[in-house]
Amino acid sequence: EVKRRTSCLAQPPKRMAVIGGPGSGKHTMGTLLRRAFGICHVTPDSVLGPCTEDGHKSMSDREVTSRIIEVVSAERCVRGFVLEGFPQTASQAAKLDAVLESRKLPLDHVFHLGVTTETGQKRLATRLVHPASGRRYNTETMPSRAGDTKDEVTMEDLSCYVWDKPEKIEKRQEKYGDTGVKMKEYFEEKRSPKFKNQAAYIPLVADGSIQDIFAAISQIARLPRAP
């Protein structure tokens, strides 16, 4: 652990976003990037509040951007941050980019994870959550060290995430389809020569193993931000 922390401190600050549809691995990659780079992991719960049966609280793009800026400006995020699932839409991405750049906190990399419908459904079917804290686990890819059904901090029982019921998964996947395309178009446009000093946009096929996906992401994340 001491060696890991020393390695993190030796690296320059990093600011990243991991986006993608349901079951693409955003939370897992965010957790692994937090540990690898010693940066702040900004989760949907930390921005939108706890998830309910109907999903997270609805907020305007302005409210979401304001809340993200509040979180990443905290002292604990001084070494950088990884946004999990943000921005959520192309319009939100434009607002977030503008504000982060004005605060001299521009994103270095945006990783867009793509998975098949089948892969997403399979991953979500094995996901569990600790309701009180929001800590997430996956019995296949990121199990609790206290056993498949126990939270590793409190030893309390884990439960199925409210959004992971089969009928809700299909609706979420359908909803993300058009959103994902527009996000891709936005970030690819930002890479054009008329825009300078923009975050690297990296679309990745994320159907493989967690180890392989993270190896690819971490290798790219260690590269300096393009001028």
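Contact here means heavy atoms within 4.5 Å. Helices (H or I, at least four residues) and strands (E, at least two) are DSSP runs, numbered from the N terminus. Axes are lines fitted to C-alpha atoms, for helices over the stretch in contact, and angles run from 0 to 180 degrees between N-to-C directions. With these terms, helix α8 (residues 210-221) lies across β1, β4 and β8 and runs at about 165° to β4.

The model is predicted: local features need pLDDT of at least 70, side-chain atom pairs count only at pLDDT 80 or more, and totals for chains, interfaces and linings use all residues. Residues are numbered from 1 along each chain as its sequence is written, and side-chain values use heavy atoms, with hydrogens and water left out. The pLDDT is the predictor's confidence in each residue, from 0 to 100. Its mean over the protein chain is 85, and 87% of the residues reach 70 or more. Among the elements, β3 has the highest mean pLDDT (95), and helix α1 (residues 2-9) has the lowest (63). Where pLDDT is low, the predicted coordinates should not be read in detail.

The protein chain holds eight helices and eight strands. Of its 227 residues, 48% are buried. Buried means under 20% relative accessible area, exposed over 50%, and partly exposed in between (1.4 Å probe, protein chains only). Among contacts between residues at least 6 apart in sequence, 74% join residues at least 24 apart.

Five strands form an open sheet with parallel pairing, in the order β2-β3-β1-β4-β8. The edges are β2 (40-42) and β8 (200-205); each has a single partner strand, so one side of each is left without a neighbour in the sheet. Neighbouring strands are turned by 20° against each other on average, direction ignored. Two strands pair if DSSP finds at least two bridges between them. Three bridges join β2 to β3 (residues 80-84), and the two run parallel. Here V42 has L83 of β3 as its bridge partner.

M16 is bridged to H109 in β4. Six bridges then join β4 to β8, again in parallel. F111 has I202 of β8 as its bridge partner. Strand β4 is mostly covered, with five of its six residues buried.

Helix α7 (residues 166-190) also lies across this part of the sheet. It covers β1 (14-20), β4 (109-114) and β8, running at about 145° to β4.

Helix α8 also meets α2. The axes of α2 and α8 come within 11 Å and cross at roughly 50°. The two helices are therefore oblique to each other. Angles under 35 degrees count as roughly parallel, over 145 as roughly antiparallel, 65 to 115 as roughly perpendicular, and the rest as oblique. The crossing is right-handed. A crossing has this hand if the near helix is turned clockwise from the far one by less than a right angle, and is left-handed if anticlockwise. On the α2 side, T28, M29, L32, L33, A36 and F37 take part; they meet I210, I213, F214, I217, S218 and A221 in α8.

Another residue of helix α2 (residues 26-37) is T31. At 14% relative accessibility, T31 counts as buried. Leaving aside residues up to four places away in sequence, T31 touches H41 and M142.
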